[in-house]
Amino acid sequence: MDWRQIGEIVSQPDNVPIVGLALVVPFFVWFGWRQARATDRLISELEADPAQAATHHRKPQPYRRGWDRELPVWPYLLRIEFLAALIVTVLLLVWAIAINAPLEEPANPNYSMNPAKAPWYFVGLQEMLVYFDPWFAGVALPVLIITGLLAFPYIDSNPLGSGYYTLRQRGVALWGFGVGFFLWLMLIFIGTFLRGPGWMWFWPGQTWDHARVTYEVNRNLAGVLGIVNPWLGGVVGLAALGLFYWLAGKAIQWLVTRRPLDRKIFERTSPLQYLVFQFFAITILAGLPAKMILRLVFRIQYVLVTPWFNI
Amino acid sequence: MPGLRDGIRSGINGLRAILKTPQKTQIWKSIFRVKHERKDPRTRALGTVGNVFLHLHPGKINRDAVRYSYTWGMGGISFYLFTILTLTGALLMFYYHPTKVQAYRDILYLEHDVPFGRLLRNAHRWAGHLMVITVWLHMLRVVLTGAYKKPREFNWCVGVLLLVFTLLLSFTGYLLPDDQLGFWAVTVGTNMACATPLVGHEGPFGPQLGMTQANDVRFAMLGGTIVDSAALLRAYIWHCVAIPLIAVVFMGVHFWRVRKDGGISGPAPVVLESEIKPEPER
């Protein structure tokens, strides 16, 4: 085993943020989850005891009668903001003194870097190029992700859970966003830590081998099924895509109407809201991992092949 | 000369009085406008509301929102990082020419000859990376607390666009040192644009619509068919002028809407499942 290689990747100055992300995101997820649990405990207490619900201040934060519900911004908020600014400044200065920003050789179009990686926050997009053609991974999917995020508040018809941490009242929305966020981070981690020269997969402990050749042959779905006729292949690919949308839609439908509260929310969702939700959920949250598995495990490159575009 | 001695003495006494209670001087009053009394909530609020730098804050705030645990402070930290980036960026601009001949040498000059130049460049780069992280965490917090819900949907959308601008700012800055790292990262990034459906020369239906290397969307981004001097200048202008200006406008809207949509979203009192109001008629 060669741990120097992964050590080299991890200690690259531009990869420091990713290592930081690996620590910071779990911490904040835990931090939010802990507060959600506290709120959820309070919610179940109040649900069980209407008399208490009528008088309780309804927050997990402590409250005593006579306490002001509001505080002057100066000094109570501003001093925290000032402190936060100080901490960030110190952190940044230490970081800037300790680690130098990378500077490679002057740009040279005749000598390509291998691997040539995008900046870390776009490595996820670059990793998606393995699973989809550039028009989809590099253009359509980012646009879909952004429009999906823009649509997010308009398709969430849940009237509960505005302004407090809770898991119990907002399972679907949190899981939906959480899966997307996790996928994005996972793609970044794969692209940064597991991809080497030629964008080939190198496990931690493996040395980057610039001469490595892979004998993997990528197949298309039609080829796997032994279909030679391109027209028939196209029809089969389209059918497979349709079948996937139908099955994933059914599965998501089952997931979002499992609990009584979710069913109640589902009833408040308009057909348009639901269709938009399903479209984004199937395409991004289900489609991306499905295609990743097809490609990584079954070595299937395209499901649908047409003269103009492939999926 | 008793007159002079008395004059000096009274002058010193006057200075002493000023040092003791500077609030009573005309200069102080002219700067701070309102008297600030610890025990008077009204003047306390005026200290915030009447200050141009602080007036985006309300005078008073939900006592639980002051806690770090609810907001994580990520929105504010992102804004603070943006101001740091603006300052360090402006200083870097003094030493940088966006030309193929000069750019790389300017970075070397900055790193080896300019006093604190390396620190300046490091701080700018790491603040940029840090801002991407804090913006993502801010978004995560807003989702976890349901802070995007009515009436804050639109502000969420403004926030999503600000996230995009943050990434674009970082990306355009990547090319500016004009080294192998930036060159190939931007080459990889912009090559994807070739494949844009309809307007890229390698994208679906692009060739059918007459797209070539020299007229498609990537050409417009780079000002050429490869990442060269025109691309460097374009990246520089987007990075230092255009995107920051657009982002500042969106930030203004973002902060203003936070206030207009009722201030910070919580911690709000919980609503129970049994209290869901029947849906209003559409």
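This is a predicted model: local features need pLDDT of at least 70, side-chain atom pairs count only at pLDDT 80 or more; totals for chains, interfaces and linings use all residues.
Local features need pLDDT of at least 70 and side-chain atom pairs pLDDT 80 or more, while totals for chains, interfaces and linings use all residues. Residues are numbered from 1 along each chain as its sequence is written, chains are lettered from A in the order in which they are written, and side-chain values use heavy atoms, without hydrogens and water.

**View 1. The largest nonpolar core has 111 residues.** A nonpolar core is a set of buried Ala, Val, Leu, Ile, Met, Phe, Trp, Tyr and Cys residues joined through side-chain atoms within 4.5 Å. Buried means under 20% relative accessible area, exposed over 50%, and partly exposed in between (1.4 Å probe, protein chains only). A:Tyr121, A:Phe177, B:Trp136 and B:Trp156 have the most contacts inside this core. Helix α7 of chain B, residues 117-144, gives the most to the core: 15 residues. Helices are DSSP runs (H or I, at least four residues), as are strands (E, at least two), numbered from the N terminus. Another core, of eight residues, lies apart; A:Ile43, A:Leu46, A:Tyr164 and B:Val270 are among them.

**View 2. A:Phe177 touches residues of chain A and chain B.** Its contacts (heavy atoms within 4.5 Å) include A:Leu149 and A:Phe152. From chain B come B:Met139, B:Leu140, B:Val143 and B:Trp156. Neighbours within four places in sequence are left aside.

View 3. Five salt bridges cross the interface. A salt bridge is a side-chain nitrogen of Lys or Arg within 4 Å of a carboxyl oxygen of Asp or Glu. One salt bridge joins the side chains of B:Arg125 and A:Asp14 (2.7 Å, N to O).

**View 4. B:Thr190 lies in helix α9 of chain B.** B:Thr190 is buried, because its relative accessible area is 4%. B:Thr190 touches B:Arg218, B:Met221, B:Leu222 and B:Val227, not counting residues up to four places away in sequence.

**View 5. B:Ser10 sits in helix α1 of chain B, residues 2-20.** B:Ser10 counts as partly exposed, at 48% relative accessibility. B:His138 is 128 residues apart from B:Ser10 along the chain, and their C-alpha atoms are separated by 57 Å.
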